[in-house]
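This report describes the architecture of a single protein chain. The sequence and the model are shown first, and the description follows.

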Amino acid sequence: MKKLLILILFIVLFLKLYGQEPTAEQFTDRDGLASMTVFKVIQDKTGYIWIATARGITKFDGRIFSTIDLSGLLDREIINIVEDSRGKIWFNNLSGQIGIVDDSSYQLFSPKNENFKGLPTKLFGHDSVLYLTYNNSKLEQNRILKLALDDQALIKESVIHTHTHAFDFIKKFQGNWYDEKIRTIDSKNVLHLISGDGIDTIQNYSNQAFPSLTKRIEFITANSTIFYSQNNWLIKQKGNAASKKVFNFASYALNGVEEVNQKFWILTKNGIYVLNKLSDEIDNHWFKGKTINSVFVDKEQNIWLSTTGNGLLLVRNMNVRPYTAFNSNLQKTDIHSLLFDEDSDNLFVGTSGGFLTEFDQKSKKVVTHKLPFSGRLKTIVKKDPSTLFLGLDDGLCSFDFNKKTSIVHDDEKAIKMLQVGNSMNLWLGTSSHLYRTPLIELDSKKNEIDNILLEKRTNALHIDFEGKVWIGTSNGLFVYLNDNLEALFVEEKPKGYYVNNIVESLDSTIWVATSGNGLLQIKNKKLVQKYTSKDILPSNNCISLATNHELLCIGTDKGLVKYNYSSGKIERLTTDNGLPSNEINCLSIDDQQIYVGTPKGLTILDKKNKKVNEVELPIYLTQLSVNGIDTMFHLAKNLAFTENTVQIGYKALSFKTSQNEKYNYRLLGLDSKWLESNTRSARFHSLPPGKYEFQVQMINERGQKRSKVAKFAFSIHNAWWRSIWFYLSLIISSLGLLFGIFYWRQQDLLQRQKRENELNNRIQSLRMEALQTQMNPHFIYNSLNAIQDFFVTSDDESGLIYLSKFAHLIRQIFENSGSELISLRDEIEFLKLYLDLENLRFGDRIDIKLHIEDTLQDLLDEKEIPPLIIQPVIENAFKHGLKHKLRDGLLEVSFHYVDKDLIKCVIQDNGVGRKFAEMKKKSFEKDRKMSSMEATRKRLEIWKPDSSVNQKFKIIDLENEDGKAIGTKIEIFI
């Protein structure tokens, strides 16, 4: 047992708290880079990263580096690359060769203009135009060549400037000084301005703004600011003003200046110096000892640093400030405990090796203290304003951070968690037990703690606002109050939750981090909700917790979650966001910042959520294989039934998510449900025949889409013996014989039916003709009697007129008698002639009227009826009704429109009525077998047998109020 130890703690190093360089991921030749020396990085229109190195060009898609074959070049030291408007990548090497590359090869560019002689030295791209500098000091014909693309995407060459001095630098001015123009610097340190048309507007500013320098100068322009250098001096000049700011970088050569995140980054052989634009002061010095050649910011705001000898550096998040053993006073990288002291505004950090690091935010210093133990510092709690209790793997001690002294209290127990109770008790959770000891006994320097309350491994302790002690163990959650120990949720989980941490929010909600069961939300000792990887968590293994106001920070083995439990908003942070590790060992939080302890160092984050700028990324279908054989997409839209195992490759070029990129995909036709994957391909086995559409999109950690949906539609055909045509042909073949048998029988029946129908039709036609011929002699007989009466009565003139009209009428009878149907107009014309004859016969005794509705005029030629269908009815009116009227006889014949298929004919007389006429004709016509009225009925029945004759032929007896007959009305519907 160790006795009381007082150690003099020492300060290893002082560093500014806010001066830490951003976290950078390093890519080397082991990852696939062509060389550890990188000169320039660009991103093409499709999203790929192109890297110019000392040994060639490398293309990067976020996971795989592929190097372009540049065999045959004079050298493969590529110093510059640019992209033209077609998406082609241009490069130039140290030997002055200029070429164009694609995915696997290259071709050299040689100007067609024979006047271009000399060595191409510079390549610059702007607004889809390329500029090349050709220097030939012997011929004093140094030129700038402009390359543009015409409508046919062919390269057009033009000379925009010729000068006696070699051109050394060319760049586009980004500010508003002298408008936005191209600037060049020649070997005599003369600055030129080239107009937008690229022809001749050149101005010399060598005697106005720039000194005569003997060394090569380079410049960038931003907000009308120009930087130029000589040796190790950097000169900053605002516009064309005479005032300058001079910076001396000692022995570190300068490689350039770039504007990043509203600050000037000065690139040197000793890292990056960050220049504040307002104060002209150097704020930070990052990546010391590394030669930084260039800086590039991609579409997702990732920052790429080209280095000499250190490969490619990628900074994903500039807002994350990491502290490691390499850039701070941390003696160990693995962080196991954190405590933010609100009284002193200091942060205390515990690591392995028995080290306690103190971040003094007032003095901006970082101080590390060595404790009298060598294990991990697992827990830190505050005893009083100047004293901390520290629990380590190999004991318990207290530390006075004012006096810088420590006292050992127990050197045998493996401490996991400490808490100081309101009753002045210290609660100790160890690897095997839960202890409670009065603080007064520790003050008396008692060297052993043996008051056991629970024989379980205790990982978490929390004393809530009501004084209850919450105890988290490896097999259960407990609450202790008034000497009563209560186990919670035994019914739900009999073996108990494995608890790692417990915190309480301001609304008295208890939050419990568990291994394998996510996050528990407890209110009044009742489980309110369980959060898992199905909702807000990236993993169900929760390690650490911290809360402040409405923000709850959850540390898991797959990153950090910032959860606003009032609004429900979440933000997930991983190594892709700048964390040094996804395993979050411990957390602490104040009003402004979140402190994150990981196995790879400490990270300080701003508490306030910052807007995530996630641009929409293009997504590509990259590969298709059918039954294990690669094929082209356009050749695989229609597959045979045996080609039913399909694998589709895809990728969205994201350098923010890197190896943690996620995709949603589905195969419509198989399943409409989206599936999540972190791979770049999907495989479907033994697909049934049908139509399919594969869809895929990239998503972020919150399940929100980051790309449009890429699609590929294809079909798998049925086997010929499973096709519907096969089954149809089989059915047809099976039924063919039956059909042949029944077909002959059916045809035979049809022929018989046809002959029978023809016979019936002929019989009906003969019956109609018989009736018609029966009526014609009857009418002729009556007419001849009338003519005889005229001549007998010596009315020769009337007899002749009647005879002439009768002859005309007979001719029409013979013309119509050969037709089954005649037009309504012909029938009416026939009736007019007939009525004229009857009018001559009866004279003034009978008034005859014929009326046709105007609406029937268009139907007179279209409507067809049997001939002599109406005349016998009119004749019957004369013969039986009006014949007995000695004077004032009246006959009215009218035609009325019913609908387009039906016309009504009304024959009305004021004769003696049917009863009187019946008595008269009984003796006269007793031998006639069929009257004209009955013949008309029969003809109507034969003509239209589909409906009752009574509905088409109606006889209405007209009577006065006394019941005396006053005439007859007949309605015929034709």
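A nonpolar core is a set of buried Ala, Val, Leu, Ile, Met, Phe, Trp, Tyr and Cys residues joined through side-chain atoms within 4.5 Å; buried means under 20% relative accessible area, with a 1.4 Å probe and protein chains only. Helices (H or I, at least four residues) and strands (E, at least two) are DSSP runs, numbered from the N terminus.

Residues up to four places away in sequence aside, Ile870 touches Glu827, Leu831, Ile865, Phe895, Cys905, Ile907 and Ile974, where contact means heavy atoms within 4.5 Å. In soluble globular proteins, nonpolar side chains tend to be buried together.

## Helix 5

Helix 5 (residues 871-882) is largely enclosed by the rest of the structure, because eleven of its twelve residues are buried. The buried residues are Gln871, Pro872, Val873, Ile874, Glu875, Asn876, Ala877, Phe878, His880, Gly881 and Leu882.

Strand 7 (residues 89-93) runs antiparallel to strand 8 and is joined to it by four bridges; two strands pair if DSSP finds at least two bridges between them. Trp90 has Ile100 of strand 8 as its bridge partner. These two strands form a hairpin with four residues between them, and Gly96 in the turn has a positive phi of about 90°.

On the other pairing, three bridges link strand 8 to strand 9 (residues 106-108), again in the antiparallel sense. Val101 stands opposite Tyr106 of strand 9. Strand 8 and strand 9 also form a hairpin, with four residues between them.

## A buried aspartate

Asp75 is located in the loop between strand 5 (65-67) and strand 6 (78-83). This residue is buried yet has no salt bridge, and the nearest side chain of opposite charge, Arg76, is 8.0 Å away. A salt bridge is a side-chain nitrogen of Lys or Arg within 4 Å of a carboxyl oxygen of Asp or Glu; Lys and Arg count as positive and Asp and Glu as negative, while His and the chain ends are not counted. With neighbours within four places in sequence left aside, Asp75 is in contact with Asn93, Leu94, Ser95 and Gln97.

Strand 31 (residues 355-360) pairs with strand 32 over six antiparallel bridges, and Phe359 stands opposite Val366 of strand 32.

## Whole chain and basis

The chain has seven helices and 71 strands. Buried residues account for 49% of its 974 residues. Of the contacts between residues at least 6 apart in sequence, 50% join residues at least 24 apart.

Residues are numbered from 1 along each chain as its sequence is written, and side-chain values use heavy atoms, with hydrogens and water left out. As the model is predicted, local features need pLDDT of at least 70 and side-chain atom pairs count only at pLDDT 80 or more, whereas totals for chains, interfaces and linings use all residues.

Notes
Buried < 20%, exposed > 50% of the residue type's maximum accessible area, 1.4 Å probe, protein only.
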